[in-house]
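Let's take a walk through a protein model together. Keep the picture open beside you as you read.

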Amino acid sequence: MIVRLAGGRLLDPTRSPVERREDLWIENGRIVAAPTDGRAADRAYDAKDCLVMAGAIDIHSHIVGGKVNLGRLLSATDHRDHAHAASAPGFRAGSGLATPSTYTTGYRYAAMGYTAVFEPAMVASNARAAHLEMADVPIVDRGAYVMLGNDEYLLRRLAANAAQEEIDDYVAWMMRATAAHAVKVVNAGGISAFKFNQRGLGLDEPGPLHGVAPRRILAALARAVAALGVPHPLHVHCNDLGIPGNIDTTLATIDAAEGLPIHLTHAQFHCYGTEGKRHFSSAAALLADRVNRTPNVSIDVGQVVFGPTMTESGDTQAQFRNRRFAEPDKWISMDIECDGGCGLVPFRYRDKNFVNALQWAIGLELFLLVEDPWRIFLTTDHPNGGPFASYPQLVRLLMSRDYREECLAQIHPAARKATLLGGIRREYTLGEIAIMTRAAPARSLGLADRGHLRPGAMADVAVYRPQSDLEAMFRAPVHVLKGGVEVARNGTVTAAPAGATQLVRPEYDRTIEGRVRRFFDDHMTIGFDHFPLADQELADAGAMVEVRPCRARGMP
Amino acid sequence: VSGDSVTCPFCGLGCDDLVRADDGVDARGCAKAARGFARAGLARKPHAIGGQAADLAAAAAAAARFLRDAKAPLFHGLSADLAGVRALLELAERVGGTIDHVNSAALLANAAVARASGWVTATFGEVANRADLVLLVGGDPARSFPRFHERLTANATPLYRDGPPAVAYLGPREEAPGTAGLAAFVARADLLDALGVLAMLLRGAAPRRAPDRFAAAPLALIAERLAGARYGAIVWDATAFMPGEAEMAAELLAAMLRELNVKTRCVGLPLGGSENGIGAMQAALWQAGWPLRLGFAGGAPVHDPWRFDGRRRIEAGEADLLVWVAALAPEAPPATRSPVIAIVADDVAFPAPAAVEIRVGIPAIDHAGAVFRSDTVIALPLQATRPSDRLSVADAARAILAALGPPS
């Protein structure tokens, strides 16, 4: 099967020149060089004057897992207002905008030109459930990051000054057991501390029971991820989320990585100062400056979007603090298996609320002040800052200063005065958007055959018709192809093939299994042999698996 | 736990430390598990159409004909592993049916509270390792969850406390567990009021004239212990309350949990979810965006805990076809005048032959799979414990989907 996308402007930041007007050829789901033997295409799409990019990749979006289901449960209005029947035979019904059901999630992402999405907060003990749920997310490739750093085994081994190699082995075992693609740490030590009734945990504050400070946890995990050769760096949700003045913690977290690669997620929520009469200010310039000078750091933004949403986080400590902002007034907190937790707080971001308005501006400041689009990713921390369906509007905010000014004029006047945003002239180019939403996340996640249009790449392709309304352009691509098959046309899904579960399988010394087995036998309520997710279980659930290589073990 | 351990799917505790024995599975002293695994000895029954033996293709085709003709098919029972539930949700959606689980009433009483006001909960592992006080409300959990005490309050090597937790009890005297060191005995009919008194006591507002039947003195002590515990756990089973009172009781408990956590830690542990009821709720939430008691008549999912109550629909004659699923528990379909398509294990019997019978195996006996534990986070793998070529519920649902032909 040969497919030809004819007459488009190909935009691929991994090639030089970045933009070239040529046909794109696809054979058996992969991009190929134009056939030289005169073979004709079995199927052709007219892409005349359209922009052709690789499918977009979302590096951080809460789409599956126990906390997402609790979010759905809490969001009756969202699901009543956004319920839909199957759009055509062969599709499924669903509901929800902020907390969409699985099929709806896959369809909506694909319709916007996204072809891969990563769930960033899988609780280890929830891994089986999360993966079985992920098998019901159609079209897009997907993967999950396992949360470590509040798990009892790790904390006690750090307290006992276990060798770093043992920590590395444990992290590798855990990644394989949970079929993870990367490792995330959420409020290092803080979720565990909350279970001991401790309401905050400073970066250098010894945690309860074990006396291990978050800095030590971060350093050990960053080293483990690097030593195991896992492509994506340690994915860090910093301590002190949402607290005015938390920029100090965030900058210190960068130091804690000791030069090793780290990714700071939803940086907007960790970028606050204490200036002004309201003691809440933007520290985006400080963080951006540090990121610009520190090549081992990447961030995603966690942009706030005005309107109602659900906040879903592993960070029980922060979510318990935030319960007073719940709208409507209800919230859920859960402690999970000496391992993690989750907290849910429904939320409404208002442009006339000083803090919310400034959060919105801080996110945009970060986007515009971080210079290297290879190290900053477009996210709303879906749904925590807002639903992923708002990405097209965000692209417009980044690409159009006029539109930004228009929106800036609407927000709380004191927030408008407190932000640098009005003075920032930068407008993202299409090439920079292609980096930030395609090439860069693919590189960061080790997806060598995604995020570009070179021969050999998976034919995940989005075709956009240039128009003055940038939001409309990014909301409804003319064609979206997944593995060479058209899955959406003009914003409507047309086919729903299954995507693949992305994961890595780092090597480890098997002696760690004996140690962890003893821990499970003594303390855990699930058997050691039943904890790991077996390949057969994924296959039985209908999930195809794509294993991504790790670099050879050893410090880079 | 050895590599040969198996998971028991027959209650919401999800014990996974049972071991294969020569004659099946050693149930570790649990009568419920022993009964469940003893079903491995069942004689095989054929698929049937109107009582006449038929092969799977014919039975699935007959089921598809009934489903095509039905205006309001109901999928009920739903006692199946996770794969079975996922496939049944697809089938129910495909034919515009309604779907409910046999245990959903109690689960929905809890879910309604979680949804309306929220709460603080924890998984088994936290309670077993951390709780220094466990308050059991309504009855001894061991009645429905036989190994509850062994697994949750008698952990020999807890991570975060010395020795066993203090166990307190609030409920009918005749259902009290033997382990409770502190008990407030109230009749079942007074349980809701007693919870109201406890909530007042926790707010520091002693009720001025609490009748004796509310056991105000021991309740005051329970309130004091909860407030003083480092990590309390309140355990309830929504089926223990008077009919119609479960949701109000859970709401009172949720309010206590929200308030207690302002100063100390205290978590709820709502028990339930036997026959993979939690798994059914979870899969419905992720596939449709709503918990069970779902209807797809208009195409889009609609959740309505009254309208789509399976038992009520049958009694009211609102379902013109019943698809009855009973694999994890051998429960016979409720009486109905409508035709019945039965997707059931070999020990499910009928007073009169069902319109279509598709005989399936039992998860954890005949085939592998997964079920959710009562604490909602953990899905456990099931292992086939004998060689078997019996179908799973998912196989049966997929055969019917295939017989329905491509969607139009």
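What you have here is a predicted model, in which local features need pLDDT of at least 70 and side-chain atom pairs count only at pLDDT 80 or more, while totals for chains, interfaces and linings use all residues. Residues are numbered from 1 along each chain as its sequence is written, chains are lettered from A and ligands numbered from 1 in the order in which they are written, and side-chain values use heavy atoms, with hydrogens and water left out.

The size of an interface is often given as the accessible area lost when the parts come together. Here, about 5100 Å² is buried between chain A and chain B, and carbon and sulfur atoms give 54% of that. (Buried area is the accessible area, taken with a 1.4 Å probe, that two parts lose on being put together, summed over both.) Chain A puts 63 residues into the contact and chain B puts in 68, where contact means heavy atoms within 4.5 Å.

Side chains of opposite charge can pair when their charged atoms come close. To count as a salt bridge, a side-chain nitrogen of Lys or Arg has to be within 4 Å of a carboxyl oxygen of Asp or Glu. Between chain A and chain B there are six salt bridges. One pair to look up is A:R92 with B:E90, whose closest N and O atoms are 3.9 Å apart. Over all chains, a search of the whole structure finds 66 salt bridges. The A:R92 pair crosses between chains, running from the loop between β9 (83–84) and β10 (94–95) of chain A to helix α3 (residues 82–94) of chain B. (Helices are DSSP runs of H or I with at least four residues, strands are runs of E with at least two, and both are numbered from the N terminus.)

Now for helices. Two packed helices are described by the angle between their axes and the distance between the axes. In chain B, helix α7 (residues 191–202) packs against α9(B) at an angle of about 15°, with the axes 9 Å apart. (Axes are lines fitted to C-alpha atoms, for helices over the stretch in contact, and angles run from 0 to 180 degrees between N-to-C directions.) That angle makes α7(B) roughly parallel to α9(B); angles under 35 degrees count as roughly parallel, over 145 as roughly antiparallel, 65 to 115 as roughly perpendicular and the rest as oblique. Which residues of α7(B) meet α9(B)? They are B:L192, B:L195, B:G196, B:L198, B:A199 and B:L202, and their partners in α9(B) include B:M248 and B:L260.

Helix α4 (residues 104–116) of chain B packs with α9 (residues 246–263) at about 40°, the axes being 8 Å apart. So α4(B) is oblique to α9(B). Among the residues making this contact are B:A109 and B:V113 of α4(B), along with B:A250 and B:A254 of α9(B).

Last stop: the backbone. A cis peptide bond joins A:S16 and A:P17, with omega about -5°, and A:P17 sits in the loop between β2 (9–11) and β3 (19–21) of chain A. The bond from A:H382 to A:P383 is cis too, with omega near -5°. A:N490 is not a glycine, yet its phi is positive, about 50°. B:E275, also a residue other than glycine, has a positive phi near 60°.
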